[in-house]
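Subject: Structure handover

Hi,

Here is the structure for you to look over. My notes follow below it.

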Amino acid sequence: MGVFLGTHENRFDAKGRISIPAGFRSVLKTQQTEGDALMILRPSHTLPCVEAWPAVAFARLTEPLDRLDMFSDEHDDLAAALYADAYPIDPDREGRIILPEFLRDHAGLADSPTAAFMGVGRIFQIWEPQAAQQRRVEARQRSRRVSIPATGGADSKGRNA
């Protein structure tokens, strides 16, 4: 399975279309299942950007819904948060898409002539370019404090349990 790498800036054309970077399209196509959209776009819950999910990865994201009582408020809230603003989309033959207006607004792209496509592993994000640059700077600074737990049953100090 491929991952989305790098940051790429592309221009919106006069019709409001923007090209998905070729490398990102290649990753999406390797993960596409016949009959599914190439990707699902949705606003990030926590960041001012648009998330682009391969359909198979989006399906995995929504699996926890199956563990909730389908008539509960928790299920309804999570379903609304995940599905109500999610848009399946296929690019045209040139790899261009049109972002729905509310997604452009969410990411601060309403008046921007360009957008930054930022690979973050299993998905990519679409940002206003200056906000993307700031996000990368902040993420690099905060990541210096991240400690990834060891695998194989080690405790917080790295000892095997």
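E51 counts as buried, because its relative accessibility is 10% (buried means under 20% relative accessible area, exposed over 50%, partly exposed in between, with a 1.4 Å probe and protein chains only). Before going on, note that this is a predicted model: local features need pLDDT of at least 70, side-chain atom pairs count only at pLDDT 80 or more, and totals for chains, interfaces and linings use all residues. Residues are numbered from 1 along each chain as its sequence is written, and side-chain values use heavy atoms, with hydrogens and water left out.

E51 sits in strand 4. Helices (H or I, at least four residues) and strands (E, at least two) are DSSP runs, numbered from the N terminus. The side chain of E51 makes a polar contact of 2.9 Å with that of W53. A polar contact is a pair of N or O atoms within 3.5 Å; within protein, one must be able to donate a hydrogen and the other to accept it, and residues adjacent in sequence count only if both atoms are side-chain atoms. Leaving out residues up to four places away in sequence, E51 touches I40, L41, R42, S44, H45, I123 and F124 (contact means heavy atoms within 4.5 Å).

Two strands pair if DSSP finds at least two bridges between them.

Strand 4 (residues 50–54) pairs with strand 8 (residues 124–127) over 3 bridges, antiparallel. V50 stands opposite I126 in strand 8.

Which residues cover the two faces of strand 8? F124 and I126 are on one side, Q125 and W127 on the other, and all are buried.

T114 lies in strand 7. T114 counts as buried, at 11% relative accessibility. The side chain of T114 makes a polar contact of 2.9 Å with the side chain of E9. Beyond its neighbours within four places in sequence, T114 is in contact with E9, N10, R11, F12, L109 and P129.

**Aromatic pairs**

How many aromatic pairs does the structure hold? There are 7. Rings of Phe, Tyr and Trp (its six-membered ring) pair if their centres lie within 6.5 Å; planes under 30 degrees apart count as stacked, over 60 as edge-to-face and the rest as tilted.

The rings of F4 and F24 have centres 5.4 Å apart and planes at 80°, so this pair is edge-to-face. F4 lies in the segment before strand 1 and F24 in helix 1 (residues 22–31), so the pair ties together parts 20 residues apart in sequence. F4 is buried at 1% relative accessibility, and F24 is buried at 2%.

The rings of F117 and F124 have centres 6.0 Å apart and planes at 45°, so that pair is tilted. F117 is buried, with a relative accessible area of 0%. F124 is buried too, at 0%. Ring pairs link F4, F24, F117 and F124 into a cluster.

**Record annotation**

The UniProt annotation "domain: SpoVT-AbrB", from an unreviewed entry, covers residues 7–57 and 86–131. UniProt positions are given in the numbering used here, feature names are shortened, and annotations may be inferred rather than shown by experiment. Residues 7–57 are 25% helix and 35% strand, with the end C-alpha atoms 20 Å apart. Residues 86–131 are 20% helix and 35% strand, with the end C-alpha atoms 22 Å apart.

Best wishes
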